[in-house]
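Subject: Structure handover

Hello,

Here is the structure I promised to pass on. Please have a look, then read my notes below.

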Amino acid sequence: HSKITGKARITHYDAALNSARERQLMIENDIREGLEREEFDVWYQPIVDAHSQTMIGVEALARWPRRPDGELKPDDFIPIAETSGLIYALGQFVLRRACSDLQQIDTLKLSVNISPAQFRDPEFEDKVARVLETCLFPAHRLQLEVTETYVLENPERARSAIANLKALGTAVALDDFGTGYSSIGYLRRFNFDTIKIDKSLAGLVDDDVQASALVSGTIRIASALGMQVVAEGVENEKQMKLLRQAGCEQLQGYYFSPPLPLNEILQLPIWRKR
Ligand code: C2E
Ligand code: MG
Ligand code: MG
Ligand code: MG
């Protein structure tokens, strides 16, 4: 795909040469092609119980390792998949792959990210139910992660989708809490099972008094409202201890492990270290 101009090899997505729109279209076409060629992969990051320090679940994260001129990160391709509608196919792929990968490992919960666009599909809940059936994956082991954007876009649809998913037995988590504008009091109405505190907030507990106060407050309120709390972006022992002291029961971050292929996750000492 690279363009050759004279001697210089210009990378595929060179932003200086291509307008943002052209770059977007290129990536869009590549995603379509990548889906057809089954180039996408799913890696997993452990979610750890703060007290036993053992893995109780994993978050599935899309990976696209193909490019010779550098892997594209989800933050680069997910937004384009969303605007182009390709997220439906990509999202289904991730859900199906993750459910079939984790099917046999019945002590682990599985958390999968869902884009606002996927939720807009009125048949979304039915599609989830069908994947669970085909993969023989127990609904209660699955949790879907959505962001605040989704909830604010169409609160009525969000409430009914969340209710339908919970009726299936599947849990729903609010991802990236702390990056948006909504209060926990407003978000409470959506009956999330879990709140995931974003790494931009949780990752500051060890050096920012205000962030730390916000994090402990969030943990206390969420717990009082009957929600579970996961802190994301835990990178060192100090953060781990502070978050545990603040009452956070579940932790996720590079301190425990980065996202990895499933077989590598199952080699980690936090797996079954009980
Ligand atoms: P997210 O759902 O909040 O996922 C957590 C992100 O934080 C992951 O980035 C993970 O690698 C990163 N992370 C985990 N621990 C640490 C840490 O200790 N420090 C730092 N600095 N980062 C950490 P990743 O895999 O690049 O994904 C970025 C975002 O892309 C995800 O954020 C999610 O919003 C989206 N995404 C990824 N896979 C999918 C997918 O299959 N579907 C959808 N809809 N979105 C996805
Ligand atoms: Mg997530
Ligand atoms: Mg997050
Ligand atoms: Mg995110």
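Start with one residue pair. A173 has T194, in β8, as its bridge partner. Strands here are DSSP runs of E of at least two residues, and helices are runs of H or I of at least four, numbered from the N terminus. Strands count as paired if DSSP finds at least two bridges between them. β7 (residues 171-177) and β8 (residues 194-197) pair in the parallel sense, over 3 bridges.

Some ground rules. This is a predicted model, where local features need pLDDT of at least 70, side-chain atom pairs count only at pLDDT 80 or more, and totals for chains, interfaces and linings use all residues. Residues are numbered from 1 along each chain as its sequence is written, chains are lettered from A and ligands numbered from 1 in the order in which they are written, and side-chain values use heavy atoms, leaving out hydrogens and water.

Now the barrel. It is closed by 8 strands, in the order β3-β4-β5-β6-β7-β8-β9-β10, with mixed pairing.

Next, the metals. Donors are N, O and S atoms within 2.8 Å of the metal (3.2 Å for Na, K and Ca); water is not among the atoms, so sites may look incomplete.

- The magnesium ion (ligand 2) has E59, N113, E145 and D175 as protein donors, at 2.0 to 2.2 Å. E59 sits in strand β4 and D175 in strand β7, so the pair ties together parts 116 residues apart in sequence.
- The magnesium ion (ligand 3) has D175, D176 and E232 as protein donors, at 2.1 to 2.5 Å.
- D175 coordinates both ions, which are 4.0 Å apart.

Last, exposure. Buried means under 20% relative accessible area, exposed over 50%, partly exposed in between (1.4 Å probe, protein chains only). E59 and D175 are buried. E232 is buried at 10%; D176 is partly exposed at 26%.

Best wishes
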